[in-house]
Amino acid sequence: MSQAISSNEQAEAVINLSAKARKRIIIYSHELEPANYYQPEFIANCKDMVLRHQQCHIKILIQQNETLKKIDHRFIDLMHRLSSRI
């Protein structure tokens, strides 16, 4: 039987995995949930990774982007600044 994980556990897992990434991060998300992807540590980990080497990149597939259009999302800001890598 599987157990649901809490929002805090999800956010912690996203931060930990992004810290361990060396060349690539691939995100498939319903709407790039701010609870997981708005965290300063996650943003810093992503930025550090893509600036580390020219071959590093992040790919994102989002199902619903309506929410992203309505909020000021830090990760979207990073995407605009580093558009060739994200």
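**Exercise 1. Find which residues of α3 meet which residues of α5, and sort them by type.**

Step 1. On the α3 side, pick out Pro40, Phe42, Ile43, Cys46 and Lys47; they meet Arg74, Phe75 and Leu78 in α5. Contact here means heavy atoms within 4.5 Å, and helices are DSSP runs (H or I, at least four residues), with strands being E runs of at least two, numbered from the N terminus.

Step 2. Now sort them: the contact of α3 with α5 has 6 nonpolar residues, no polar ones and 2 charged. Ala, Val, Leu, Ile, Met, Phe, Trp, Tyr, Cys and Pro count as nonpolar, Asp, Glu, Lys and Arg as charged, and the others, Gly among them, as polar.

A quick word on the model: it is predicted, so local features need pLDDT of at least 70 and side-chain atom pairs 80 or more, while totals for chains, interfaces and linings use all residues. Residues are numbered from 1 along each chain as its sequence is written, and side-chain values use heavy atoms, leaving out hydrogens and water.

**Exercise 2. Work out how α1 lies against α3.**

Step 1. Take α1 (residues 7-20) and α3 (residues 40-52): they pack at about 15 degrees, axes 9 Å apart. Axes are lines fitted to C-alpha atoms, for helices over the stretch in contact, and angles run from 0 to 180 degrees between N-to-C directions.

Step 2. That makes α1 and α3 roughly parallel to each other (under 35 degrees; over 145 is roughly antiparallel, 65 to 115 roughly perpendicular, the rest oblique).

Step 3. Look for the touching residues: Val14, Ile15, Ser18 and Ala19 in α1 meet Glu41, Phe42 and Asn45 in α3. They divide into 4 nonpolar, 2 polar and 1 charged.

**Exercise 3. Say what stands out about the phi of Leu32, and where Leu32 sits.**

Step 1. Most residues other than glycine have a negative phi. Leu32 isn't a glycine, yet its phi is positive, about 50 degrees.

Step 2. Find Leu32 in the loop between β1 (24-29) and α2 (34-37). Leu32 is buried, with a relative accessible area of 0%.

Methods:
Buried < 20%, exposed > 50% of the residue type's maximum accessible area, 1.4 Å probe, protein only.
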